[in-house]
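Here is a friendly walk through the aromatic side chains of one protein model. Have the viewer open as you read on.

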Amino acid sequence: MKTNRSSASLLILALTLTGIPGTTFAQASSADQPAASIANPAIWPKVRARPSRDPKVEKKIDALLAAMSIEDKVGQIIQVDIGSIKPADVVTYKLGSILNGGNSGPYDDEYASPAKWLQLADEFYDASMTRSDGRPKIPIIWGTDSVHGNNNIVGATLFPHNIGLGAARNRDLIRQIGEVTALETAAAGLDWTFAPTLAVVQDDRWGRTYESYSEEPQIAADYAGAMIEGVQGKVGTRDFLAPNHLIATTKHFLGDGGTGGRDQGDTRVPETVLRDVHLGGYPAAIEAGTQSVMASFSSWNGEKMSGNKSLLTGVLKERMGFDGFVVGDWNSHGQVKGCSNEDCPQAINAGLDMFMYSGPGWKQLYDNTLAEAKADTIPAARLDDAVRRILRVKLRAGTFDRGRPSSRAFAAKFDVIASAQHRAIAREAVRESMVLLKNDGVLPLKPAANILVAGTAADSISQQAGGWSITWQGAGLPNSAFPNATSIWKGIEQTVKAGGGTATYAPDGKFTARPDAAIVVFGEQPYAEFKGDIPNLEYSPGDKSDLEMLPRLKAAGIPVVAVFLSGRPLWVNAEMNASDAFVAAFLPGSEGGGVADVLFADSDGKPAHDFRGKLSFSWPKRPDQYVLNRGDAGYDPLFAFGYGLSYAAPGKVPPLDEARPAGMAEATPGVFYGKGRVPAGWSIDRQMVAQAGVDRRAQEDALRFAWDGKANGRVAMAAPRTIDLSRESNGEISLVFEYRVDAKAAVPVEMGIESGGKTYSVPIGQTLGRSAPGEWARMAVPLQCFAGRGADMSAITAPFVLSTSGPLTISISDVKLDYVSMPMNACGD
């Protein structure tokens, strides 16, 4: 969708906005804020924000504020990740909130039982309520990313990610999913979820596309209220924020879906486009009573959202009347101009009410914020307004009255987690979210037939669940990590067995007894956020093993049904040509049996369930169609928004063009060396180092480098232009390489990155020395280590440099970015 707007209308005068009673918040921008990033609240919609303020609640807040110290108030506006804080710290520092990031679990255990989550929730609550100075006891609240179910907890019900739910077009189902998610999260003692995401994604290269319901703002608007009501309960009823519900978060405000496919990027659009496209479901969410809003990591026309007063205060709070609180994203305040993770009064003054902080320096953030509050750098009225908003939500949510998490009405009722009823709702969601793109008369399959199931993804719950599943990236987890889940293969096996047929699983698609049909399950590996950003929409560049399997089966005369797992539409023309039926299953979650429900007929030969899903994102006919939204000039998709075949309404797909656009290089984001080569345009620069090919997994898929020790030598994998790794650095991503020591070094060895003509390194010689000669090993160094040594992470010229002044022979097979769970400050030897 495109909206034209004259450049003259971008010149917006600063406004003076009324804040809390008796206080004025000037809307003037900083001197260096781009004029195009200053919103005019008067052109934004007014919203009937709910619930209405309760005078009794406001009176309680007045009394609390009067009794709180300035230290207490500063504590309330800081939230810290549980990986960086202990309950004992909260006895001294009365923080308002804690969170668990995507890789933070109770007691440093990502696989902790629900009982352990509840135990730690009690400990933090008790710490927040421990005080003897007579000042108010204010309960801490715990926030978590329950984005497709309580996905952090082993055994929870995992629903399809939002892209699939968008295809279902079912508000009642969305409400039920919100209710189930809230109940399974409340059972573990947690108060607050960072969901739903209402991003209106306009460029499908973005690694968070699957967190969006649709490219169309209307889908987000249709779903927002239903999901908020499911999570929080309905405003005006006794169910609102009852113990079986959670505080909801509407995120990420605003424009996160318009950053050109780049996570934490810059949405460069006129204000009318920001309003008409990206505001999407926010008015509906505010009317439904959302109690928190998360500021986006991204920018609008050059200004970071966490520091944009015209939008956070002027539009969201004043114009639209939102009276809950605004929380930051993971250290997002540190990206505001003039700020660091440990010091950012600018964000609070802009309208952020709560910092979200991860790292060892949270006490520095507290101390700096306290000093700035005492010095009136953060005005007393702004601090009180932020605290008032947080206290208002805590009082509405009953946290002052319900006691310890374990004493609450639904706490410790672990039998609700993945209950039969909840799994049935998730299975229904799988059935309704799948979109049938092609069917040449093959589907539905007969359950009494001999069925071959192929593809490693068929029996990978991790792959069908996608990112934000137990861990942040969700990759590489065994099926045992999902004890209550059913893989797609197991669901097919159960269906075929019940129908009197036989099902065989062969990951490579090979068989001895000829099958009546083959179901090939394949797709993207799990990812989250920027790890999933891609340069174009080509599926699996450089690895065409799936494409080898599909035509081989079809050439044998076997009907082939492709089930495609992905977090976004991708260019799969060749794979579609090699299939008789093609199903976009997106990321279905824990109930893989829902896939079989739609693929197979009943015993009478009639479909057990028809396909109901309709595309909520346009599907590309070329890999360079990553900006492909209904209403765009030249809109020319393979399958338009709203497309979806069914048994009741079949259709034909002609042979598709498989030619890759000329000059489009293969690219796998975050891989600097793999399968024997660097990315197109890159180079391997060697100084005083010999190089030779080595076989590891395939012929010459690795390189051996040898230093003779006669002079300083180095190897660098150099980019053709600077690359920006600042967000990866902030996101706790590591530089990882796989190596084999062939001859140990007798002197120090360093690994580093190059920026601004300088190399920033960490020592790794001792680690190499502990490696067994001749055996492949893996080493990871957090990017934060290089940033801490002064590297400009936004302008890297060589993301991998290996150097030593002595003799060393080492073979390297892979160099890439990845998340690796590591202790803080794991910076080399």
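## Aromatic pairs

How many aromatic pairs does the count come to? The count is 23 aromatic pairs, where rings of Phe, Tyr and Trp (its six-membered ring) pair if their centres lie within 6.5 Å, and planes under 30 degrees apart are called stacked, over 60 edge-to-face and the rest tilted. One of them joins Trp 117 and Trp 142 in a tilted arrangement, with 5.8 Å centre to centre and 35° between the planes. Trp 117 belongs to helix 4 (residues 114-128) and Trp 142 to strand 5 (residues 141-144), so this pair ties together parts 25 residues apart in sequence. Helices (H or I, at least four residues) and strands (E, at least two) are DSSP runs, numbered from the N terminus.

Both Trp 117 and Trp 142 are buried, meaning under 20% relative accessible area, with exposed over 50% and partly exposed in between (1.4 Å probe, protein chains only). Phe 737 and Tyr 739 also make a tilted pair, at 5.1 Å centre to centre and 35° between the planes. Phe 737 is buried at 0% relative accessibility, and Tyr 739 is buried at 2%.

## A ring cluster

Look next at Phe 522, Tyr 539, Phe 564, Phe 582 and Trp 619, which ring pairs link into a cluster.

## Charges over rings

Arg 205 sits over the face of Tyr 626, 3.6 Å from the ring centre; the rule asks for NZ of Lys or CZ of Arg within 6 Å of the ring centre and within 35 degrees of the ring normal.

## About the model

This is a predicted model: local features need pLDDT of at least 70, side-chain atom pairs count only at pLDDT 80 or more, and totals for chains, interfaces and linings use all residues. Residues are numbered from 1 along each chain as its sequence is written, and side-chain values use heavy atoms, leaving out hydrogens and water.
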